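Biologist: Could you take me on a close look at the aromatic side chains here, and at what lies around them? I'd be glad of one connected walk-through.

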Amino acid sequence: MSTVIAYVDGFNLYYGMRAKYGHRYYWLDLAALVRRLRPNDTLVKVRYFTAMVRAEPSAAQNQRVYLDALAAHNPGEVDIILGRFTEKRPRCGRCRSGWQCDCVPSRTYRTFEEKATDVAIGSRLVEDSALRASDVALIISADTDLVPAVESARRVDPNRAFYLALPPGNMSPSANFAGVGYFNINETALRACQLPRVVPDDSRGALHQRPAKWK
């Protein structure tokens, strides 16, 4: 049997599921999903790359519950690697002079941009290839920003197999992912790989319950 490490682009997967299925499959057991997608491989690790939501307290709370449940249900199997959101203040669309101007005096332009995830995924892909950490790299993402990292990782370990598991809404990868195998994550897999409604956390003496909105 081959060994596999999965690299999950959390927001790429999230936005794919949200666009296709709403909140229905957010309570996703990533280790179970990887085992379903690669049933003949031995799972070494799931590396889950995400960032904590900002400016939306209820969404951030749901995200924290999910991360705790994911870790508790899969002890030692899921690494959660956190990036960050940085605040952006774009220019006014009317005068282009700055983020706060006289066009709409009462309005402050404020958005957030996720940072560091692509770099973190790329770094771990190359590092794991150098360490010969697994026979197979399974990348759950369709983000073309990962192309240079995949190319580098393949050069570092030419014997390592690379596959893309495309989130919902992505029928085929960009042509830039030349020579990389791919397949789609279908709804059947998402439905079958949900965490239990309530996940016990023995290390904390806590219970993590699926958010009511995630149904």
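Modeller: Happy to! Let's start with arginine 38, whose charged end sits over the ring of tyrosine 163, at 4.6 Å from the ring centre. Do keep in mind that this is a predicted model.

Now to the rings themselves. With centres within 6.5 Å as the criterion for pairing, the count comes to 10 aromatic pairs. One of them joins tryptophan 27 and tryptophan 214: their ring centres are 6.1 Å apart and the planes meet at 65 degrees, so this pair is edge-to-face, since over 60 degrees counts as such. Tryptophan 27 belongs to the loop between helix H1 (10–21) and helix H2 (30–37), while tryptophan 214 lies in the segment after strand S10 (206–209), so the pair ties together parts that are 187 residues apart in sequence. Both tryptophan 27 and tryptophan 214 are buried.

Helix H4 (residues 117–130) packs with helix H5 (residues 147–156) at an angle of about 5 degrees, the axes being 8 Å apart. H4 and H5 are therefore roughly parallel to each other. On the H4 side, the contact is made by Gly122, Leu125, Val126, Ser129 and Ala130, which meet Ala149, Val150, Ser152, Ala153 and Val156 of H5. Sorted by class, the contact of H4 with H5 holds seven nonpolar and three polar residues, with no charged ones.

Note on methods:
Residues are numbered from 1 along each chain as its sequence is written. This is a predicted model: local features need pLDDT of at least 70, side-chain atom pairs count only at pLDDT 80 or more; totals for chains, interfaces and linings use all residues. Side-chain values use heavy atoms; hydrogens and water are left out. Rings of Phe, Tyr and Trp (its six-membered ring) pair if their centres lie within 6.5 Å; planes under 30 degrees apart count as stacked, over 60 as edge-to-face and the rest as tilted. Helices (H or I, at least four residues) and strands (E, at least two) are DSSP runs, numbered from the N terminus. Buried means under 20% relative accessible area, exposed over 50%, partly exposed in between (1.4 Å probe, protein chains only). A charge sits over a ring if NZ of Lys or CZ of Arg is within 6 Å of the ring centre and within 35 degrees of the ring normal. Axes are lines fitted to C-alpha atoms, for helices over the stretch in contact, and angles run from 0 to 180 degrees between N-to-C directions. Angles under 35 degrees count as roughly parallel, over 145 as roughly antiparallel, 65 to 115 as roughly perpendicular and the rest as oblique. Contact means heavy atoms within 4.5 Å. Ala, Val, Leu, Ile, Met, Phe, Trp, Tyr, Cys and Pro count as nonpolar, Asp, Glu, Lys and Arg as charged, and the others, Gly among them, as polar.
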